[in-house]
Amino acid sequence: MKELEDRILSEGIVREGDVLKVDSFLNHRCDTQLYDHMGAEWARLFAGEPVDKILTIEASGIGIACVAARHFGNVPVVFARKTESVNLDGSQYRTQIHSYTYGRDYQVIVAKRFLTPGEHVLIIDDFLANGCALNGLLKICEDAGVSVTGIGIAVEKGFQPGGKSLRKRGYHLESLAIVDSMDPATGRIVFREQ
């Protein structure tokens, strides 16, 4: 998606440790018009696929998923929580994930009443690197007996193994921008031709 790539080139900051900061428009300050265009693109890429719900993970995926849901008939958005809350009641699906960004493990939780066996779920998230968060969401989907229609990612780090692994396992994965390489010394970002 050229619009997203252009924003990454103009506002993204490459840091040591394969970190790409896009907080000025994607995951801290939110450009809702860009989110809307991303949602329209995912709707085009997943056209004809059944989507009963969108699933994401706290926190950066929530805004993107909510705006994207408007392009899928305003389906509900469910997000996996990274923290226990007194508001969480009833039985829950739980799994552990490792956060590449924060370098720590999280227990993620989804209330069982929000995922119904047999439903078709589209997973949406902001970044894909090693795939740890997505593997956690996929485990929750498996435990819940829901069918994963596909996975929509805003920015994939194509030089890390997550995307390749998910595609090899047969998932319909659509990343709107795939970064093939980035150099913290020069700030240069190279995208994969799609």
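View 1. Glutamate 41 is partly exposed at 21% relative accessibility (buried means under 20% relative accessible area, exposed over 50%, partly exposed in between; 1.4 Å probe, protein chains only). Its side chain meets that of arginine 44 in a salt bridge of 2.7 Å, N to O (a side-chain nitrogen of Lys or Arg within 4 Å of a carboxyl oxygen of Asp or Glu). Arginine 44 is exposed, at 54%. The model is predicted: local features need pLDDT of at least 70 and side-chain atom pairs pLDDT 80 or more, while totals for chains, interfaces and linings use all residues. Residues are numbered from 1 along each chain as its sequence is written, and side-chain values use heavy atoms, without hydrogens and water.

**View 2. The salt-bridge network of Arg7, Glu11 and Asp31.** Arginine 7, buried at 18% relative accessible area, forms a salt bridge with glutamate 11 (2.8 Å, N to O). A further salt bridge joins arginine 7 to aspartate 31, with the closest N and O atoms 2.5 Å apart. This pair links distant parts of the chain, 24 residues apart: helix 1 and the loop between strand 2 (19–21) and helix 2.

**View 3. The buried residues of helix 3.** Gly61, Ile64, Ala65, Val67, Ala68 and Ala69 are the buried residues of helix 3. They pack against helix 2, strand 3 (53–57), strand 4 (77–80) and strand 7 (120–128) (contact means heavy atoms within 4.5 Å).

Conventions: Helix = DSSP H or I, 4+ residues; strand = E, 2+ residues; numbered from the N terminus.
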